[in-house]
Amino acid sequence: MKLGALAAASGVSTASIKFYIHEGLLRPGRKKNATTAVYDDAHLHRLELIRWLRDELNTPISGIAELTRAIGDASLPTIELMGICQEFALRGNSGLPASALRASGSPPFTLRSGTSPAAATRSPSDRFDGIVTEALDRLGWPDQESAARTAVARTLEMVDAAGYSVSADSVVDQCRAIASTAEDHIRPIGTELSRDEVCLRVIRGITMHNRQLIAVSALTHASLSMIARASAAADGGSAAD
């Protein structure tokens, strides 16, 4: 397809497409002649990914460039690429503070071998790391370094510092409550998908699920608070009688 058709199919303006090509986020089209280039489904998949990251997560160009470099790294297995996508989803719109995630500019967990100590992210204290270890052991789940594992340990540390109790029991209960829903979201990714399509599905799926969890958590707290107030009011009325 020509540039205009690509813009129409992707919903991205021709000016933005040219900008993404200039920034190295999108490879140039194949030259058909001196004045015309043609584009294919690979360009469309990349633009769909870029557009979603920009519109839904407000991901900066530097962040998108980081992801597209990983996508273009043929030596990086798809499963490790999916781990990087999970980090992007957590960083982009999960309700987690930046301090719970890896520092901007530091390498993703899956690309961290051989990096200097200065490039590594701050580790949570042994106590909170131990809570996660205990919870995973009780669940029978693998205990491997990942963005999600570190985010849980750091969040527990912040919750504790705010004066709320944290324990392996609470982590296990929450994981078990979420597990049945999560199982429906981790269907195998087909090999027919491009790496850009894989990234979009992983990031979009995690983001949407996280948004739902946050909203349902708010609904649960609000509903239980209403029930408690109504019960207290009823008890007060009975005492007055």
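Q: Which side chains meet in a salt bridge with N to O at 3.0 Å?

A: In this predicted model, the side chains of Asp40 and Arg27 form that salt bridge, at 3.0 Å from N to O. The pair links distant parts of the chain, 13 residues apart. Asp40 lies in the loop between strand E2 (37-38) and helix H3 (41-57), and Arg27 in the loop between helix H2 (14-22) and strand E1 (30-31).

Q: Where in the chain are Asp160 and Arg127?

A: The side chains of Asp160 and Arg127 meet in a salt bridge of 3.3 Å, N to O. Asp160 is in helix H7 (residues 147-161) and Arg127 in helix H6 (residues 126-139), so the pair, 33 residues apart, links distant parts of the chain. Asp160 is partly exposed at 26% relative accessible area, and Arg127 is partly exposed at 46%.

Q: What separates Glu134 and Arg138 in helix H6?

A: About one helical turn separates them, because Glu134 and Arg138 are four residues apart in helix H6. They form a salt bridge whose closest N and O atoms are 3.3 Å apart. Glu134 has a relative accessible area of 42% and is partly exposed; Arg138, at 38%, is partly exposed.

Q: Which residues are linked in a network of salt bridges?

A: Asp129, Asp143 and Arg149 are linked in such a network.

Q: How many salt bridges does the structure hold?

A: The structure holds nine.

Definitions and conventions
Residues are numbered from 1 along each chain as its sequence is written. This is a predicted model: local features need pLDDT of at least 70, side-chain atom pairs count only at pLDDT 80 or more; totals for chains, interfaces and linings use all residues. Side-chain values use heavy atoms; hydrogens and water are left out. A salt bridge is a side-chain nitrogen of Lys or Arg within 4 Å of a carboxyl oxygen of Asp or Glu. Helices (H or I, at least four residues) and strands (E, at least two) are DSSP runs, numbered from the N terminus. Buried means under 20% relative accessible area, exposed over 50%, partly exposed in between (1.4 Å probe, protein chains only).
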